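Please consult the sequence and the model alongside the text.

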Amino acid sequence: MNTFIKLGCLIGLACAMATPVFAGDEKVTLMLGGKFCEGYLGDVEHALRRVAGVKTVDFRSMKGHAVVTVESGKVKPAQLATAVNGVKGDSWYCTGEVMK
């Protein structure tokens, strides 16, 4: 019986360690716009990742949007919009608006 309890505890511990818990993360959704912005998502991602506290940038889950995972309390949504709005090139630009 003791062996089964120890085995159960070890399995429980292994499962707990294998399951990531990101209680301190938040998701911010930005609607993207601007001339040719969809063609320069790499530049948009680079600008967003330069903001301290950004963990991931996802363009696939919502077309025309960026879903950004950030550390809770470290990033204000307006900072992300500002980063996107700064992405510009010759005759093209990007805009980002925080979705509520």
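Which residues of helix α3 (residues 77-85) are buried? They are Leu80, Ala81, Ala83 and Val84, where buried means under 20% relative accessible area, exposed means over 50%, and partly exposed lies in between (1.4 Å probe, protein chains only). Because these residues cover an arc of only 160° around the axis, they lie on the same side of α3; the arc is that of the directions from the helix axis to the C-beta atoms.

The model is predicted, so local features need pLDDT of at least 70 and side-chain atom pairs count only at pLDDT 80 or more, while totals for chains, interfaces and linings use all residues. Residues are numbered from 1 along each chain as its sequence is written, and side-chain values use heavy atoms, with hydrogens and water left out.

**Overall composition**

- The protein comprises three helices and six strands, taken as DSSP runs numbered from the N terminus (helices: H or I, at least four residues; strands: E, at least two).
- Along the sequence, these elements follow the pattern α-β-α-β-β-α-β-β-β.
- Of the 100 residues, 29% count as buried.
- Among the contacts with a separation of 6 or more, 61% are between residues 24 or more positions apart; a contact means heavy atoms within 4.5 Å.
- The protein exposes about 7000 Å², of which carbon and sulfur atoms supply 60%; accessible areas come from the Shrake-Rupley method with a 1.4 Å probe, and for residues only the protein chains shown count as cover.

**The sheet**

- Four strands form an open sheet in the order β2-β3-β1-β6, with antiparallel pairing; two strands pair if DSSP finds at least two bridges between them.
- The edge strands β2 and β6 each pair on one side only.
- From one strand to the next, the twist averages 30°; axes are lines fitted to C-alpha atoms, for helices over the stretch in contact, and angles run from 0 to 180 degrees between N-to-C directions.
- Strands β1 and β3 pair in the antiparallel sense over seven bridges.
- Within β3, Val68 stands opposite Val28, and Ala66 is the bridge partner of Leu30.
- Strands β2 and β3 run antiparallel and are joined by four bridges, with Val54 opposite Val70 in β3.
- The hairpin of β2 and β3 has six residues between the strands, and Gly64 there takes a positive phi near 80°.
- Strand β3 is largely enclosed by the rest of the structure, because six of its seven residues are buried.
- Thr29 lies in strand β1 and counts as buried at 19% relative accessibility.
- Leaving aside residues up to four places away in sequence, Thr29 touches Met62, His65, Ala66, Val67, Glu97, Val98 and Met99.

**Helix packing**

- The buried residues of α3 pack against β1, α2, β2, β3 (65-71) and β6 (95-98).
- On the face of α3 turned away from its buried side are the exposed residues Ala78 and Thr82.

**Salt bridges**

- Side chains of opposite charge can pair when their charged atoms come close.
- The whole structure contains three salt bridges, each defined as a side-chain nitrogen of Lys or Arg within 4 Å of a carboxyl oxygen of Asp or Glu.
- Lys55 and Asp25 form a salt bridge at 3.1 Å, N to O. This pair links distant parts of the chain, with Lys55 in strand β2 (residues 54-58) and Asp25 in strand β1 (residues 25-33), 30 residues apart.
- Lys55 is partly exposed at 34% relative accessibility, and Asp25 is partly exposed with a relative accessible area of 23%.
- Arg49 and Glu45 form a salt bridge whose closest N and O atoms are 3.0 Å apart. Because they are four residues apart in helix α2 (residues 41-49), about one helical turn separates Arg49 and Glu45.
- Arg49 is partly exposed at 42% relative accessibility, as is Glu45 at 26%.
- Lys74 and Glu71 meet in a salt bridge at 3.2 Å, N to O. Lys74 is exposed, with a relative accessible area of 54%, whereas Glu71 is partly exposed at 27% relative accessibility.
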